[in-house]
Amino acid sequence: MARIHPEGWRHLPTDGARGRELATLALLAEHLPDDFNVYHDLHWTRAEGQHAVFGEIAFVVLGPAGRILLIEQQSGFLDETTAGLLRPGKRRNRDIRLDLARTADALRARLRPLLDGTEPQLDILLYCPDYTVRQPGTAGLDPARIVDASRRAQLVPIVRELCGREAGSPAAPPSRHTVLHRFFADLLELVPDVQALAGQAVALTTRLSGGLAEWARRFRIEPHRLRVVATAGSGKTQLALAAFSDAIAAGRRPLYVCYNRPLADHFARIVPPGGEVATYHQLCDRRLRAAGQPPDFSAPDRFRRMEAAFAALLDSGADDPAWRFDELIVDEGQDFVEDWRDNLLKLLQSGGRAWWLEDPLQNLYGRSSVALPGWAGLSATTNYRTPADVIELLNACLPLPEPITAGSPVADSDPEVLNWADENELMEATKRAITRAIGLGFRRDMIAIISYRGRESSRFTPLTHLGPHRLRAFRGRYDLFGEAEYSEGDLLIDSVYRFKGQSAPCVIFTEIDFDTLDELATRKLFVGATRATMKVIFVASTRTAPLLQPLT
């Protein structure tokens, strides 16, 4: 069985085009030998001067002889023209031959220096399982490099042949294989993008060249104490996942702790086994239960009592090896307090490594910054997730401490504002925003409705439907397995507090209402707007909308 990178792909949703690619990945995993490596769903972005360079490829197969095969999968129909095969697009058709050639040339250029100037053995393959190419001679690609619907059953043998397996090629020297594996599995940073809908994430592998997941891990600090202050979309949680995976691979036991329950739940689903993932209060609960001191959740001040009991247990010197860790990763550190910092560090083994990741602009609870004396620090102000025009407009309308740099290749998302004067108009404006989003081509599972208000005070909390749309909302409780319970619906709705640390292609940021653009309003607007990866629609009150005019 081939080795698949990154892991966790079997748990991803299997609907739509993503499902077709996952089926292909399962086929390659099952039928290629165990000395093959398959890297899937590569998306990378890097900044070069004032420009963003981006690319993607469905699969890269690294054979035992060191040969590299790039496989681009195109599900659905293709257009055959005199210029070659074209893939349909929203604005214009894309020339598949040119896309593959550019990707191959870019990878060759980056691999040559790593291989001491020698030419990498790299080939390309187009896989179109739903379409039979009628005129392969005019497709613009070598017909032998096209596997269409008529040759679908031959995909694996063709992959084996192109990777040199059938020719009996000797295995590549270990050093060359290591260089190639590191390039695809580390330099390209194949770490899932954990900024997705909690509980139904569609993980993407994201390359943030020059970003946190690559260069923050290159620091050598003794003892390893690194504080990372970085803006939304800069890759903090990707860094956390990479650090967690690094620890597992090195035989260390990691502990990941964050504040936001949906983020913790999603993170736990995609990390490799061998560590612990929890919110701070989940960690308190688990440790106390392990010590035979289950918390009393019926008490009115249950969380304060639980925190105090957890601290007392740690101070008692009752050391349990099962609750000692070699790596501590704190995500959402802006939501923590200093007592929590002290208790977490008590769980770290002597010589253990610690990371503290935070963004002061996402501090929605007004907590003071946690002091970390003696820790090394770095900062990052580039947001690779949010459309560039949204970042530009946030810089213009919000009193941010310093401008945020846009790193996303999406530059023409056209953020919009809809107004409302009362509750009836709020509902109607939000419904219009949903209609607008669907009309732009976003599926319902790509849309997140985010309320500016907390769940307890939101006008949307009692609703099960909004017009013809069923709402998928957190019910405020968890099942026996600790999973959050959601109502049945096809449109996710949540508060800006709970959705912090996540993202969606289209965000409808509704129920926005405030008198003045104070510090809290600034932070909530920043958090809500930066959840979007492609489109944001603001639904704001008539008294608030004038303060958002730069966004219109």
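Start by selecting Glu 332, which lies in the loop between β15 and α10; here helices (H or I, at least four residues) and strands (E, at least two) are DSSP runs, numbered from the N terminus. The phi of Glu 332 is near 60°, a positive value in a residue other than glycine. Most residues other than glycine have a negative phi, and most peptide bonds are trans. Glu 332 has 5% relative accessibility and therefore counts as buried, where buried means under 20% relative accessible area, exposed means over 50%, and partly exposed is in between (1.4 Å probe, protein chains only).

Before moving on, note that this is a predicted model, in which local features need pLDDT of at least 70 and side-chain atom pairs count only at pLDDT 80 or more, while totals for chains, interfaces and linings use all residues. Residues are numbered from 1 along each chain as its sequence is written, and side-chain values use heavy atoms, with hydrogens and water left out.

In β13, 5 of the 5 residues are buried, so the strand is largely enclosed by the rest of the structure. In a regular strand the side chains alternate between the two faces of the sheet. Colour Pro 254, Tyr 256 and Cys 258, which point one way from β13, separately from Leu 255 and Val 257, which point the other way.

What does β13 pair with? Strand β13 pairs with strand β15 (residues 325-330) in the parallel sense over 4 bridges, and with strand β14 (residues 276-279), also in the parallel sense over 4 bridges; two strands pair if DSSP finds at least two bridges between them. To find the β15 side, show Val 257, whose bridge partner in β15 is Val 330; for the β14 side, show Tyr 256, which stands opposite Val 277 in β14.

Now select helix α8 (residues 280-290) together with helix α9 (residues 302-315), which pack at an angle of about 55° with their axes 9 Å apart. The axes are lines fitted to C-alpha atoms, for helices over the stretch in contact, and angles run from 0 to 180 degrees between N-to-C directions. The two helices α8 and α9 are therefore oblique to each other, since angles under 35 degrees count as roughly parallel, over 145 as roughly antiparallel, 65 to 115 as roughly perpendicular and the rest as oblique. On the α8 side, show Tyr 280, His 281, Leu 283, Cys 284, Asp 285, Arg 287 and Leu 288, which meet Phe 303, Met 306, Glu 307, Ala 309, Phe 310 and Leu 313 of α9.

Two further loops deserve a stop. Pro 223 is in the loop between α5 (212-215) and β12 (225-230), and a cis peptide bond with omega of about -10° joins Glu 222 to Pro 223. Asp 414, in the loop between β19 (405-406) and β20 (416-420), has a positive phi of about 55° although it is not a glycine. Is Asp 414 buried or partly exposed? With a relative accessible area of 47%, Asp 414 is partly exposed.

Definitions and conventions. Contact means heavy atoms within 4.5 Å.
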